[in-house]
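Before reading on, please look over the sequence and the model shown here, keeping both in view. The paragraphs that follow move from sheets to cores, and then to a helix and some of its surroundings.

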Amino acid sequence: MRTELDLELVSLTKRYGDTVAVAGINHLFHAGSYACLLGPSGCGKSSTLRMIAGHEEVSDGAIVLGGQDISGLPPAKRGTAMMFQNYALFPHLSVADNVAFSLKMKGVDRDTRRKRAMDMLDLVHMTDFAERLPAQLSGGQQQRVALARALITNPQVLLLDEPLSALDPFLRIRMRGELKRLQRELGITFLHVTHGQDEALALADEIVVMNNAVIEQAGPARVVFNEPKTQFVARFMGGHNVIALPQGHFAIRSDQIAVTEPSQGQLDGHVTGIEYQGSSVALTLMAAGEQEITAIVPEHRYFAKPIQPGDGVGLSWDEQNLHALTA
């Protein structure tokens, strides 16, 4: 069911000369949802985001926000705001002036824009840094300022292009929590481009998986992870194996494969790699038909009976955990 602030992509296409970067995609993003465009480099996800923002021209199709085709409007008139990967802060302006900059361009008086900037900095827990220059901030702090600057325009849709890629792993996880908190508090649509599966699963109400300029699969995060439709989605989402059996191709989660004695499972194979992961051990195995398979074994079970590279094993699973792939 559509609501007045849904964002809809209608046969959206982007061409660069003879190259098709986005090939006629259709999708409805529900108002107030956190959606992640997920896919490998060059799949079309950033081009899609930049067309929505108005930083790339639409070759064909339409972008409809709240019932209005916004694809011909300048970025400032669209009801969207974009936070860039490199944050793009003005080095000579204070944090507060960076945040207030777009209001200054619109002719908003100094006191009003100062108050709005401080409200935004409070939202991202950065009021104590209002008078600092960007160079005096950490990467995580700069990111919060960039967020505040994007949000000061009261957008209906916030567009985030790989916003966490420049941060170290610990800070990335912290900032994921901040993004989710902000989206819930503000109640606006967040559209977040990433190539990180863990990031998409942690943040998104809906994941849209793109590959080769088209949408391969879209749906709630848990459904896309547990019920991949294609071999590409199963492999790209991680945590799954694609197994070829006489009836066809199937996906099965790595933690749903049991390692047994040889000839006691549905497939035989041998161990090619072992990776200790703390609470579990990931075994890489080569099975019949040159199929590489990963099995995740609980740490206590592995060390009760360790297996070494080269050892022969059987692989077994509950048939109910096999998920048939359509392509």
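A residue is called buried when its relative accessible area is under 20%, exposed when that area is over 50%, and partly exposed in between, with a 1.4 Å probe and protein chains only. This is a predicted model, in which local features need pLDDT of at least 70 and side-chain atom pairs count only at pLDDT 80 or more, whereas totals for chains, interfaces and linings use all residues. Residues are numbered from 1 along each chain as its sequence is written, and side-chain values use heavy atoms, with hydrogens and water left out.

Helices (H or I, at least four residues) and strands (E, at least two) are DSSP runs numbered from the N terminus, and two strands are said to pair if DSSP finds at least two bridges between them. With these terms in hand, one can begin with an open, antiparallel sheet of four strands, whose order is S2-S1-S4-S5. Its edges are strand S2 (19-29) and strand S5 (68-69), each of which pairs on one side only. Strand S4 (residues 60-65) is joined to S5 by two bridges in the antiparallel sense, and in this pairing Val64 stands opposite Asp69 of S5. Helix H1 (residues 45-53) packs on the sheet, where it touches strand S1 (7-16), S2 and S4 (contact meaning heavy atoms within 4.5 Å), and its direction makes about 115° with that of S1; such angles run from 0 to 180 degrees between N-to-C directions, the axes being lines fitted to C-alpha atoms, for helices over the stretch in contact.

A further open sheet has five strands in the order S13-S17-S14-S15-S16, again with antiparallel pairing. Strand S13 (258-260) and strand S16 (291-298) are the edge strands, each pairing on one side only, and neighbouring strands of this sheet are turned by 45° against each other on average, direction ignored. Within the sheet, strand S14 (residues 267-276) pairs with strand S17 (residues 312-316) over four bridges, and among the partners across this pairing are Gly269 with Val313 and His270 with Gly312. S14 is also joined to strand S15 (residues 280-287), by seven antiparallel bridges, one of which links Tyr276 to Val281. The hairpin of S14 and S15 has three residues between the strands, and Gly278 there takes a positive phi near 90°.

Next come the nonpolar cores, a core being a set of buried Ala, Val, Leu, Ile, Met, Phe, Trp, Tyr and Cys residues joined through side-chain atoms within 4.5 Å. In soluble globular proteins, nonpolar side chains tend to be buried together. The largest core here has 49 residues, of which Leu158 and Ile207 touch the most other members, and helix H4 (residues 139-151) provides its largest share, six residues. Leaving aside neighbours within four places in sequence, Leu158 is in contact with Ala81, Leu147, Ala150, Leu151, Ile188, Thr189, Phe190 and Leu191. A second, separate core of 24 residues includes Leu49, Val157, Val193 and Met210.

How far apart are the end C-alpha atoms of helix H5 (residues 169-186)? They are 26 Å apart, which agrees with the 26 Å that its 18 residues should span at 1.5 Å a residue, since the expected span is 1.5 Å times one less than the number of residues. At the start of H5, a side-chain oxygen of Asp168 reaches to within 3.1 Å of the backbone nitrogen of Phe170, and just after the helix Gly187 takes a positive phi of about 70°. The buried residues of H5 include Leu171, Met175, Leu179 and Leu182, and the buried residues of this helix pack against S3, helix H3 (110-123), H4, strand S7 (157-161), strand S8 (189-194) and helix H6 (197-203).

Arg176, which has its place in H5, counts as buried because its relative accessible area is 17%. Not counting residues up to four places away in sequence, Arg176 touches Leu164, Asp198, Glu199, Ala202 and Leu203.

Tyr34 is found in strand S3 (residues 34-38) and is buried, with a relative accessible area of 0%. Beyond four places in sequence, the residues that Tyr34 touches include Leu179, Lys180 and Gln183. The side chain of Tyr34 also makes a polar contact with the side chain of His192 at 2.9 Å, where a polar contact is a pair of N or O atoms within 3.5 Å; within protein, one must be able to donate a hydrogen and the other to accept it, and residues adjacent in sequence count only if both atoms are side-chain atoms.
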